[in-house]
Amino acid sequence: MKNRLQLLVFIAGLVVVLVLTKEYLSGQIIGILSLLITISVIFIGLVISLENRHPTQTLTWLVVLGSFPVVGFFFYLLFGRNIRKRRLFAKKAKLDEQVLLKMERDSSIFDEQVERFGEKRKQLLTLATQLGKAPVSFASDTRALTNGDETFDEILEALQHARHHIHMEYYIVRHDDLGQKIKDILIKKVQEGIYVRFLYDAVGSFKLSKHYIHEMREAGIEMVPFLPVRLPLLNNKINFRNHRKIVVIDGTIGFVGGLNIGDEYLGQSRHFGFWRDTHLQVRGEAVRSLQLIFLQDWYYMTGQTLLTQTYLSPDLIDVDEESCGGVQMIAGGPDREWEVIKHLFFSMITSARESIWIASPYFIPDEDIFTALKVAALSGVDVRLLVPKKPDKKIVFHASRSYFPELLAAGVKVYEYEKGFMHSKIVIVDKEIASIGTANMDMRSFHLNFEVNAFLYKTASTQKLVYEYMQDLEVSSALHLDQFQKRPILQRVFESTSRLLSPLL
């Protein structure tokens, strides 16, 4: 029944377009057009209701369609058709689960290693393994990298030392100075006989010049777009984007975090100036999980199967398993049965005994996360939220601020970063477990984007994240409820309006 309703929606949309093209000046046709749009909106509303989405999402779509039928109709075609999501990624999901289950058998979690984390942490580890289908490594070394200078110094050096292969996956790639540096190194490595595979998001990198891509391909680099969109208004692939940032070199060293490829991530943007961000370098056993995520995405877009020991045998390193802690690479996305990263964030928040520290450039939580944070603060947990003071996406920025009064009233400490633009994506609980990666604390990261986060359990890198979070607060201003409530009425109206659209952002 759902498929029939969806077909009717598309037929109605096609008729609308044809009528507009042929006789858009005719008053009689305008009447027919209005009728067709009304029928289409009714069908869309029925489809949305039958999908059993979250009530907030359902209500938002119905309000948009009822208030702005024409705009809402095309907006739904562009962003709202979730019925196709499972079908669109069914093949990828099936393959991913088969491979991940095999990996789980190869790298099982030893009960004696997990026991030392305590019962609450054991539950989180179990949940992460169950949902993410990824093993926890107790034989890996991680290093938190601060901002673009340190991150790209390490990445560029590692690229220059590649001996067999380079795998890169990015949401945004720019053909600026940094992009040129990386291109030159990759071309040089290909000429040395190194295999270079580069997956970039077709929408996130839509400004990337064709000449840049052509040069890479001509040199022998396999450069592939993720889910290219040719007819945006008729293709909801545009809504499911690959937001991952992954670098794996020779299967021995990997990088993951918030930084894309572009000069602004080095703090060279005139508008933003200083760019605060965090990345992670990983060596050892956990690199295999990061490699696997890349290879699965690569297979989905190219059909090339590279799941061999050549790519899945990381160099093991000597570590003290009792002191190095655990590392787990978790992929989330619309191809997963569960909202993996959201559920893990929820579990981290509800497991907190002393503190929950969050940094996110975009804060649009769903009801579960929002409630969990308020309950934690009301229970006496030290809950802190660090967000940018300067917006880069105004609607998202103002939607975020609409959540602040309730958080502040519950006892959550909210800080605005003032030194530049804050783009770090971090969750730290009780100063001993942390998440760092590509996922923001927002609905798009939870429900729509392909994301990847590293979950750290009592690692030395976690302590660096704790230290740097405290440093960031030194250049941030705390919001106070009584003062925040005095902001202009027009600003509050805009925030509330933006929040109404938050399930669609």
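Predicted model: local features only at pLDDT ≥ 70, side-chain atom pairs only at ≥ 80, totals over all residues.
Local features are given only at pLDDT of at least 70, side-chain atom pairs count only at pLDDT 80 or more, and totals for chains, interfaces and linings use all residues. Residues are numbered from 1 along each chain as its sequence is written, and side-chain values use heavy atoms, with hydrogens and water left out.

Strands (E, at least two residues) and helices (H or I, at least four residues) are DSSP runs, numbered from the N terminus. Two strands pair if DSSP finds at least two bridges between them. Axes are lines fitted to C-alpha atoms, for helices over the stretch in contact, and angles run from 0 to 180 degrees between N-to-C directions.

Within this sheet, strand 2 (residues 165-170) pairs with strand 5 (residues 246-249). The pairing is antiparallel and spans four bridges. E169 stands opposite I246 in strand 5. Contact means heavy atoms within 4.5 Å.

A second open sheet has eight strands, ordered 9-18-16-15-10-12-13-19, again with mixed pairing. Strand 9 (326-332) and strand 19 (476-478) are the edge strands, and each pairs on one side only. The twist from one strand to the next averages 15 degrees. Strand 15 (residues 426-429) and strand 16 (residues 433-437) run antiparallel and are joined by four bridges. I426 stands opposite I436 in strand 16. Helix 7 (residues 118-132) lies across strand 9, strand 15, strand 16 and strand 18 (451-457). Its angle to strand 9 is about 40 degrees.

Helix 13 (residues 340-351) packs with helix 14 (residues 367-378) at an angle of about 10 degrees. Their axes are 9 Å apart. The two helices are therefore roughly parallel to each other. Angles under 35 degrees count as roughly parallel, over 145 as roughly antiparallel, 65 to 115 as roughly perpendicular and the rest as oblique. Helix 13 contributes K342, F345, F346, I349 and T350 to the contact. Helix 14 contributes D368, I369, A372, L373 and A376. Seven residues of this contact are nonpolar, one is polar and two are charged. Here Ala, Val, Leu, Ile, Met, Phe, Trp, Tyr, Cys and Pro count as nonpolar, Asp, Glu, Lys and Arg as charged, and the others, Gly among them, as polar.
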